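Here is a structure to read together, in questions and answers. Each answer sets a value against the definition behind the term.

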Amino acid sequence: MSARYFGASVARSEDARLLIGQGRYVDDIDMPGMLHVAFVRSPMAHARLKAVDLAPARAMPGVVAAYTMEDFAGLAEGPMPPMAPHPLIKQPLTCHPLARHELCYVGEAIAMVVAQDRALAETAALAVMVDLEELPAVADARAALQPDAAPVHLGRDSNLLASLHTQFGDIDAAFEAADHRLTETFATHRGGCHAMECRGVVASYDQREDHLSIYTSSQAPFMVRRQLANYLSRDEQTIRVAAPDVGGGFGPKANVYPEEFALALGALKLGRPLKWIEDRQEHFVATNQQRDQFWTLEVAFTASGRILGLKGHGIHDSGAYAPYGVILPANALVCFPGPYAMQAIDIRLDVALTNLVPTSPVRGASRPNVAFILERIVDKVARHLGHSREAVRAASFVRAAQMPYFTGGVARDGSRVSYDSGDYQVALDMVLEKIGAADFTTRQRDALKRGKLLGLGLAACVEDTGIGPFEGASLRVTPRGKLVIATGAAAQGQGHATMLAQIAADVLSIDMADITVEAGDTGRFPLGLSTVGSRIAVTAGNSVHVAAQKLRSKALHFASLKLEVGADDLELSEGAVQVKGVPGLKIPLADIARALAGTTGVPLPGGMEPDLAATAYFESSGVTFAYGSNACEVEIDTETGDTRVTRYVVVHDCGRMINPMIVDGQIRGGVIHGIGNALFERMLHDEQGQPLTTTYGEYLLPMACEMPNIEIHHIETPSPRNPLGVKGAGEAGTIPAAPCVISAIENALEFQLGKAAPFITHHPVSPLDVVEWLDGGQG
Amino acid sequence: MTAMLTLTVNGRDMSAAAPANMHLGDFLRHVLGLTGTHMGCEHGVCGSCTVIVDGQPVRACLMLARQAQGARIETVEGLAQDGRLSPLQAAFRDHHALQCGFCTPGMLMTLTALLRDVPNPGESEIRAAISGNICRCTGYQGIVEAALAVATRNEASTS
Ligand code: FES
Ligand code: FES
């Protein structure tokens, strides 16, 4: 097998279409007779829903129908099925597609209006009369767990959804053995996903075929089908769910949403195709976010800076429901102890309900939050001891010789967490060298002459990627000799089609141009899970690899029968099987495909199975752990507190890279997202749970003028846990970026204020914080 | 309150009915079927909807369709000529300037307008030009590199 494509920065096959405006996103889909939906949403964070009067809306011009949940009686009832049940959640907590009696966050859907066009639907939605009785709301996860807190849901005696715990080693012994201990409290905040394409759904029902078809801007179309089939008590075969081009996902689009169900119910009821496109204001109140985690942790460490143990607790803001179970908080606990070898940890995380939009993973899920805490703690230990930040990391890292390294922790699937490969110290040394840490102080002094404060930031991370159990793939050669790859794994811009084609092209010696990829459509492949957790290169990538090898064997076997040559003397070349060294003696794959498609009455050669095709569900033999170290420089304007990231260097190891250009793109975008979490993105609510940031004037995203170029260096340690040796890279940029930037800000403040510099315990950090710190305040 | 509009889109004369409250973005997408122009925020901040109106980059979500009466409009569908990508489009592909592709039409139109005005802009001019275009995927670097590559080529061909 010649690696012509694997490892090469091949230009993406997706791009040609997207560049000329021929993408097909949900809102680009049009169907004859299609109607448009607008939702009536809760204006209050907590209220009793006493009555809904749809009559005024129904009477408006262009309105075809208006529904509340009651109108769907007979089709389905009750709350949506939970996506990820967890034994600690005694009572699943999911919403109805349209609320019944109680509203638990601003934005919860109450009713839907169906009209000839979207403007008419939106206008009519305003005419729906809703009678509400306002109830006390809880808008802060810490307040939610106070004994006197109002209930987030009527009838629940506690706002504590679940209490999770992780523990290994003898924590008391670790703390007794330590020379030092410190306790710190942290507030981490992440906003929403803010994919540039909002969510959208098109649903249509074919009565004659009894078939429901859904297009949705989703990372998990197979989960949507599974949940919807459950809810509607239909067989999955009668539902097709497809994710067409999706304009970014970043986590929240992996949820299954009320609007997907409501559109399906509406289409079943009305027998007409329905479209709903979320607008940006809705995105702020109706698409899952991530928001807050608060932590108080105590660290034990030696005089030489080796970290021995961590204990403490956190509070996680679940929002009003738990559609995704406790995945986000459970993920947080799996992230300890990060890249550090510790003797013991004992950490609890309470999951609090609030009257806010539900939370679920946003790029990195809880990993960026925990990376923030761990990296801040390491920096704190360094300051406490007067050691360098890199010295404490060097003293505490898991070492290359310890691989595979069992952290002591337990993964979500119950297995023991074990880091598979790599050398964390090498990554750290390399990033320090690349950013020029040795002469940083010179740059710092020079910057001061320009009136700027310069800071150097540092952060390491390790990241579980490629979680199982599988994503599968089918490969099939068409009678014209083209290869079609089908997979359940949906894409949202990651370049899967290119990456998967690269893998197959090498195994089968087919030109990339002769390969098409069909992904994320339940009509094209039987099973799929979800594009989350940086898992597709590992799962789908290896499935394509395994299936391609099966297909290759089949083609060789056929040719060996036909040419009467041993399979070992055959090779694949340019879309044909040929006798090694005899280019003229060959059979094109197209001919084999046609022969294996069969002819009535003619047996297949050698009793072969029909079809030049193969399917594989690569089952991961354990999670692959990517890792890296980042360093950056920030420049602070002491007058305004304006903080710019001026340089950012990533050293990363995601195993063997299939397409370095795509990997770099994933990392760059991820870093910028993390810089947003460090400096800009802040989803705010008032005490009544009213969202305060619902436009891009109020909620700031990273923009081109403020963002640096990202310099990336790779270490390629093949993962021993899959045949391709790959690890995931989709979230690698985001995870360490916020702590890296915050560490740089603190470093700059230390330069100015010396020991009086604050220890920064939250993000995002605003210019106001910086100015207050420079003035000696608390930030 | 629907009125007939006559305008030129990508060099072709067109006329179609537009309701009074319809913005240019919806008109292009849903009346003319030119779905390459994307709506990312519909409040004038993200720049996904950018098209060129009489030579100027304009946010199609902030302009009523009726205001385009008689205008000359260019959209992403008009950039490639005879099936060949424009130099900027090709540079986007070569520099991995797009991932999900949703911001891409707006970026292309904004930068196409810039490169006509300033044939060889520097990095800061390019970043300033797209300071009103949000991309959540790429971190902007590939987009800037793509525009710089075209700028450098323009410079080489004029010197
Ligand atoms: S859609 Fe027009 S600026 Fe965002
Ligand atoms: S490529 Fe996805 S928003 Fe720019």
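Q: What makes the pair Arg29(B) and Asp28(A) a salt bridge?
A: In this predicted model, where local features need pLDDT of at least 70, side-chain atom pairs count only at pLDDT 80 or more and totals for chains, interfaces and linings use all residues, the closest N and O atoms of Arg29(B) and Asp28(A) are 2.8 Å apart. A salt bridge is a side-chain nitrogen of Lys or Arg within 4 Å of a carboxyl oxygen of Asp or Glu, and the pair is therefore counted as one. Residues are numbered from 1 along each chain as its sequence is written, chains are lettered from A and ligands numbered from 1 in the order in which they are written, and side-chain values use heavy atoms, with hydrogens and water left out.

Q: What does the salt bridge of Arg240(A) with Asp521(A) tie together?
A: The closest N and O atoms of Arg240(A) and Asp521(A) are 2.8 Å apart. Helices (H or I, at least four residues) and strands (E, at least two) are DSSP runs, numbered from the N terminus.

Q: What is the area buried between chain B and chain A?
A: It is about 3,700 Å², of which carbon and sulfur atoms give 58%; buried area is the accessible area (1.4 Å probe) that two parts lose on being put together, summed over both. Of the area that chain B buries against chain A, His96(B), Arg136(B) and Gln141(B) supply 22%, more than any other three residues. In terms of contact, which means heavy atoms within 4.5 Å, 43 residues of chain B meet 50 residues of chain A.

Q: Why are α14(A) and α15(A) called roughly parallel?
A: Helix α14 (residues 496–508) of chain A packs against α15(A) at an angle of about 30°, with the axes 9 Å apart. Axes are lines fitted to C-alpha atoms, for helices over the stretch in contact, and angles run from 0 to 180 degrees between N-to-C directions. Angles under 35 degrees count as roughly parallel, over 145 as roughly antiparallel, 65 to 115 as roughly perpendicular and the rest as oblique, and α14(A) and α15(A) are therefore roughly parallel to each other. The residues of this contact divide into 12 nonpolar, four polar and one charged, where Ala, Val, Leu, Ile, Met, Phe, Trp, Tyr, Cys and Pro count as nonpolar, Asp, Glu, Lys and Arg as charged, and the others, Gly among them, as polar.

Q: What makes α2(B) and α3(B) oblique to each other?
A: The axes of helix α2 (residues 87–94) of chain B and helix α3 (residues 104–117) of chain B come within 10 Å and cross at roughly 130°, and the two helices are therefore oblique to each other. Among the residues that make the contact are Leu88(B) and Phe92(B) of α2(B), and Met107(B) and Leu111(B) of α3(B). By class, the contact has six nonpolar, three polar and no charged residues.

Q: How do α10(A) and α11(A) cross?
A: The axes of helix α10 (residues 367–385) of chain A and helix α11 (residues 389–396) of chain A come within 8 Å and cross at roughly 115°, which makes α10(A) roughly perpendicular to α11(A). By class, their contact has four nonpolar, no polar and four charged residues.

Q: Where are the proline residues that follow Phe336(A) and His763(A) in cis peptide bonds?
A: Pro337(A), joined to Phe336(A) with omega about 5°, lies in the loop between α9 (327–334) and β15 (344–353) of chain A. Pro764(A), joined to His763(A) with omega about 0°, is found in the loop between β29 (762–763) and α19 (767–774) of chain A.
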